[in-house]
Amino acid sequence: MKIGIIGAGNIGSTLARKLVKAGHMVRIANSRGPETLVELAQETGARAVSAREAVQGVDVVILSIPFAKLPELKELIAGLPDEVVVADTSNYFPIRDGQIPAIDGGQVESLWVAEQLGHTVIKAWNNVLASVLAGKGQAEGAEGRLALSVAGDDQAAKHIVMSLVEDTGFDAIDGGPLAESWRQQPITRAYCSELQADQLHTALAVANRARAPQLREEMVKEFVALGDKITTEDIVRLHLAASAKG
Ligand SMILES: NC(=O)c1ccc[n+]([C@@H]2O[C@H](COP(=O)([O-])OP(=O)(O)OC[C@H]3O[C@@H](n4cnc5c(N)ncnc54)[C@H](OP(=O)(O)O)[C@@H]3O)[C@@H](O)[C@H]2O)c1
């Protein structure tokens with residue numbers, strides 16, 4: 001497939017690397033321009049382009065930028081044909097994104113994103129840590145392969161993204177419609193918990209929406225308290241501890 005990725009950080013660059021390896025044609029963009037992505041392009045085999053070029057003539061657009069910046073992409077995304085699949089990897093963290101009243105008031109994050117962009121989105125790869133995405137994917141059928149859930153309203157688009165999730169080394173399970181995508185948001189049991197498919201189905205089913213924002217804030221405070229000393233192991237440990245309570 002032809003895939004455009006906007007966002008070349010932890011998640012976007014890892015997806016580029018994996019999707020090129022899986023045989024896809026990948027373009028990648030950031031906010032500063034393709035000249036800042038020369039090394040990444042050489043290393044991954046993805047083509048560095050502007051954000052505008054990243055969405056032109058592709059089958060799938062993957063958005064992997066900080067949540068609060070997504071509305072900046074409205075002009076690029078709203079005009080895309082309906083059949084272009086738009087996948088969203090984002091999570092809302094008020095400490096990074098600022099408070100967004102609509103979400104604090106109860107709107108599901110991905111519904112807010114779709115509204116801001118003027119195009120429906122498929123929620124995927126948001127509930128895996130970048131280090132796990134990079135290091136723990138396995139071939140289809142491998143013992144203990146981890147699973148990721150994919151949520152969205154357009155079934156055909158969702159199945160395309162599920163096949164891309166499989167290409168990145170994870171079993172893909174259907175996380176339901178966008179209105180239910182809070183089940184795979186911070187901090188639920190389905191969020192960054194490194195589960196296999198049957199466990200992930202259960203985690204989605206028992207997700208507790210009421211507790212998630214409070215648990216998310218408690219976890220972020222622990223991140224901040226660790227400051228520069230924070231390690232990947234700390235991040236994984238704190239995510240697992242928080243999501244186990246969710
Ligand atoms: N890190 C994780 O473990 C993880 C796990 C799951 C989901 N997520 C979610 O995935 C998203 C990306 O996370 P990340 O950790 O990969 O972020 P990151 O490392 O901070 O990278 C963000 C990328 O977005 C680009 N960007 C920002 N604003 C842009 C704009 N207006 N137009 C084009 N590009 C723009 C940045 O480009 P410049 O550098 O040029 O500004 C950068 O390449 C976030 O919503 C995050 O919550 C992250």
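Helix H9 (residues 155–167) lies across E4, strand E5 (85–88) and E6, and its direction makes an angle of about 55 degrees with E5. Here, helices (H or I, at least four residues) and strands (E, at least two) are DSSP runs numbered from the N terminus. Residues are in contact if their C-beta atoms, placed from the backbone, lie within 7 Å. Axes are lines fitted to C-alpha atoms, for helices over the stretch in contact, and angles run from 0 to 180 degrees between N-to-C directions.

This is a predicted model, in which local features need pLDDT of at least 70 and side-chain atom pairs count only at pLDDT 80 or more, while totals for chains, interfaces and linings use all residues. Residues are numbered from 1 along each chain as its sequence is written.

Helix H1 (residues 10–21) lies across E1, strand E2 (25–29) and E4, running at about 165 degrees to E2.

The sheet itself is open, with six strands in the order E3-E2-E1-E4-E5-E6 and parallel pairing; two strands pair if DSSP finds at least two bridges between them. At its edges are E3 (47–48) and E6 (122–123), each pairing on one side only. E1 (residues 2–6) and E4 (residues 60–63) pair in the parallel sense over four bridges, and Ile-3 stands opposite Val-60 in E4.

Finally, H11 (residues 212–226) and H12 (residues 232–245) pack at about 160 degrees, with their axes 10 Å apart. H11 is therefore roughly antiparallel to H12, the term for angles over 145 degrees. In the contact, residues of H11 including Leu-215, Met-219 and Phe-223 meet residues of H12, among them Leu-238, His-239 and Ala-242.

Notes: Two residues are in contact if their C-beta atoms, placed from the backbone, lie within 7 Å. Angles under 35 degrees count as roughly parallel, over 145 as roughly antiparallel, 65 to 115 as roughly perpendicular and the rest as oblique.
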